[in-house]
Amino acid sequence: MWSLYLRSLLILWFSLFLFSCGYSVYQRPLYLKEEWKTIYIPPWKNYSSETSLGEYVAYALRHKFAQGKFLVPVYDQTKADLVLRGEVKKIYFDPVSYETFLITKERKINFEGEYQLIEQKTGKVLLKRTINRYEIYRVNQSEVVTFLDPGREEALKVLSQDLAELILQDIMFNELKL
């Protein structure tokens with residue numbers, strides 16, 4: 001009984017310490033107006049040979065926004081308050097690293113693109129950024145589907161998830177001047 005009381009007191013003290021240091025619970029970014037509740041995320045324009053990447057990035061972004069719950073993704077642009085558009089400018093796969101001749105260990109990807117957050121009613125661009133990413137992705141041998149180019153599709157999916165996380169963080173934590 002006594003230990004339960006001490007544990008509760010310790011948790012309360014630690015929580016007060018964290019909140020007094022500036023930590024806060026996840027909340028909606030201040031620059032997003034209260035009337036903005038929905039976002040439309042179309043497939044990214046894709047100027048590369050990786051035809052599925054634009055769809056992967058849009059899907060990952062929709063998933064991240066749905067998890068965040070401060071903007072709900074919609075599939076009809078006319079029902080959206082904001083629009084998040086993007087373009088894949090360039091994607092380049094650097095040479096892969098092999099364990100043996102047929103077993104790929106990692107994929108190296110160089111990505112360049114840009115995105116913009118637009119208010120649907122006025123067409124005003126709220127945020128416009130370029131995004132560059134160079135990453136090395138491990139190839140999971142249990143998920144290798146093709147033998148001709150192992151790990152390529154899986155690396156694109158992981159890249160799109162990483163891009164979605166970076167874009168969401170950029171939108172969440174940047175102070176915009178509206």
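How many helices and strands does the secondary structure of the protein chain come to? In this predicted model, the tally is three helices and six strands. Followed along the sequence, these elements are arranged in the pattern α-β-β-α-β-β-β-β-α.

The mean pLDDT of the protein chain is 80, and 74% of the residues reach a score of at least 70. Among the elements, strand 1, covering residues 38–40, has the highest mean pLDDT, at 93, whereas the lowest, 71, belongs to helix 1, which spans residues 2–20.

Turning to the chain as a whole, 39% of its 178 residues count as buried. The accessible surface amounts to about 11600 Å², with carbon and sulfur atoms accounting for 58% of that area. Of the contacts between residues at least 6 apart in sequence, 68% link residues that are at least 24 apart.

Thr 38 counts as buried because its relative accessibility is 16%, under the 20% cut-off. Beyond its neighbours within four places in sequence, Thr 38 makes contact with Leu 71, Val 72 and Val 74, and also with Lys 79, Ala 80, Asp 81 and Leu 82. For Asp 81, there is a further detail to point out: its backbone nitrogen lies 3.0 Å from the side chain of Thr 38.

Methods. Residues numbered from 1 in each chain as written. Heavy atoms only, no water. pLDDT = per-residue confidence, 0-100. Helix = DSSP H or I, 4+ residues; strand = E, 2+ residues; numbered from the N terminus. Buried < 20%, exposed > 50% of the residue type's maximum accessible area, 1.4 Å probe, protein only. Polar contact = N/O pair within 3.5 Å; in protein donor to acceptor, adjacent residues only side chain to side chain. Contact = heavy atoms within 4.5 Å. Areas by Shrake-Rupley, 256 points an atom, 1.4 Å probe, with all protein chains shown as cover.
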